[in-house]
2 protein chains.
Amino acid sequence: MTSGRVTIADVARRAGVSTAAVSKVVRGAYGVSAEMQAKVTQAIDELGYRPHAAARALRGRTYTLGVMLSDTRNPFFPDIIEGITGRLGDTEYQVLLGPGGIEPKTQARMTDAMIDRSMDGLILISPVMTDAELAVIAAAAPVVVVGRHGGAAAYDAVVDDDVMGARLVVDHLVGLGHTRIAHITHLERARAQGLPHMVRAEGYRQAMRAHGLADDVLATSFTEEGGFEGARELLARDDRPTAIFAGADIAALGVLRAADEAGLSVPEDLSVAGYDNIGIASLKRISLTSVDQDGRVIGATAARLLVERIEGRTRSVASSVSPTLIVRGTTGPPRH
Amino acid sequence: MTSGRVTIADVARRAGVSTAAVSKVVRGAYGVSAEMQAKVTQAIDELGYRPHAAARALRGRTYTLGVMLSDTRNPFFPDIIEGITGRLGDTEYQVLLGPGGIEPKTQARMTDAMIDRSMDGLILISPVMTDAELAVIAAAAPVVVVGRHGGAAAYDAVVDDDVMGARLVVDHLVGLGHTRIAHITHLERARAQGLPHMVRAEGYRQAMRAHGLADDVLATSFTEEGGFEGARELLARDDRPTAIFAGADIAALGVLRAADEAGLSVPEDLSVAGYDNIGIASLKRISLTSVDQDGRVIGATAARLLVERIEGRTRSVASSVSPTLIVRGTTGPPRH
DNA sequence: AGAAATGTGTAGAACGTTCTACGGCATCCC
DNA sequence: GGGATGCCGTAGAACGTTCTACACATTTCT
């Protein structure tokens, strides 16, 4: 009882056994008598012993999983986190989140830091890095990548089926009678492939083609301002679209503002749909039709795959989660 | 080169020196010649050595700071995180976030986990626990608490000056000519003291009294629905208020909806103000007058205090960050 | 010139676990 | 009754650092 922490040696002394025995009991390992079990657990309870994770790290497991977040502001991160922690709630794994920033460099620093802390596995959410860099990380620890289409042999992947999401929107609008449906996407100069907005745009194109309609994609950015600018340009055309499908809700909010300013009423003059189903989309005052990717399911799936991989699976798995369309007040039949 | 990791021993071998020498160079400790310095850093670069944080943990520092998040959905967490990481960006500290959930039990589990991983210090954001529990944590690691008024000797505290924030709103509304100003607050059954909403309500009362006005506080909850219900009740009164100050923006959004449904125009018939200045408050379509607590400053301050404490300060510090009022379109002179 | 001080490097014990060997003791089988 | 077989428990070496002692060499002081 010199200072602070209760160690395995303290427990062993108290119970009158060896540290190895205590270790066995703690880990639920083979070769422990009922009597030993009782003695040791009692000593543990009395002393309030908790294994020191950092010390464990030096020999195998740390029971720590790292989740690298790219953009902390991303509105459905909370859902994904909830999915992950929910799935892991009754296991002994602990989840720690690492704010990786949006730069490849800071993200690399974060993943390095996680590996240096010998985390048992990593979930990377929308990482901005090359496949080669991902491969290096995956060589050092089990990895599940969320939100990037493509995947690779070295790690597992969980994605929202963005092609399907885009199709849901187009089908819905076409079903309402729209034919001039424009899409606002995000302009990205990064070399990364398979980012969600690219796949959404491609899904939109496919769906339009399937309906025999001409596609119309405008690339601005996934910000309120980007949506506003894009919509202003689209609405100034002679043959203006009767519906705008923005690849992200935040941009859709900008579209709504542009409609306001142009004196167009929604959905009578213009239907608007977004993607992500962020919290405020459901506020009655906004009531934005949007595609919901179930973040909880995505997170739970990622957690499951990661644990499987940690426990030995080597074959790579790519899981695709189906989104659903949430129809609200901003979409309706076109006037006339 | 048997497997994976480059260790300090590998570097020592390569440079032809002892591991102790390498350790000195890595830590920038005293007693290293220029020649030694050069040899070792070269070997480190060649091998790509990074110190193993978990191994370090067993002897002193881990250079890891833990941030416990209570509610991941809280819209200004990202700002606080940015403030923390921004401040720490050029140090060797790494920040890891722990989703603690809203239950005292899960939060305790998370702080325990952080201590078990021997993190060098903890920042707790709006923790829901008793002062006694906080004291236990603070005994095991340096702690800074964010968002709880009151503080204690064992840890540092950073809070938004919620009394001032409430006063800013009341002063603004009174300046516009309002006299019947109601406040919507959050109903909490937890035994925790000094939670922001309580202090905001108290600040509102003080400010009203200072103006010689009668206060009018209604407790529902800080949700869109809570704001809606509260406003509906307030607006049904004979002597309905001309301004409603909601203690959180999310509730203010509900107030706006209630005004819509009651056929009242904002701000002519009803002024509305919120608190937190969440992202969408600035959207032109919402344009909500709100109190901005500079999350970045709060985060940066918390990080600074924590590092100071880790480096030896023992005297406790409580820092209060001044909020600012952002006047937008939802407040104006009463029609009367 | 000898003693003291300073500067530079190393040996080796910690830190708190896990886990491989192995030893002791019953039990079982022929 | 003696060897094989299980079961239970322990000793002690790892894991990758840090850090206190100390050894040795050089410089400074008197």
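1. Among contacts in chain A between residues at least 6 apart in sequence, 70% link residues at least 24 apart, where two residues count as in contact if their C-beta atoms, placed from the backbone, lie within 7 Å. The model is predicted, so local features need pLDDT of at least 70 and side-chain atom pairs count only at pLDDT 80 or more, while totals for chains, interfaces and linings use all residues. Residues are numbered from 1 along each chain as its sequence is written, and chains are lettered from A and ligands numbered from 1 in the order in which they are written.

2. Chain A has 12 helices and 12 strands, which are DSSP runs (H or I, at least four residues, for helices; E, at least two, for strands) numbered from the N terminus. The radius of gyration of chain A is 25 Å, well over the 20 Å that the globule rule gives for 336 residues, so chain A is more spread out than a compact globule; this radius is taken over C-alpha atoms, and the rule is 2.2 Å times the number of residues to the power 0.38.

3. DNA strand C is surrounded by 28 residues, and the closest are Ile8(A), Ala20(A), Ala55(A), Arg59(A) and Leu58(B); a residue is near a strand if its C-beta atom, placed from the backbone, lies within 6 Å of it. Helix 2 of chain A gives the most to this surface, with five residues.

4. The contact between the chains takes 35 residues from chain A and 35 residues from chain B. On the side of chain B that touches chain A, the largest share, six residues, comes from strand 2 of chain B.
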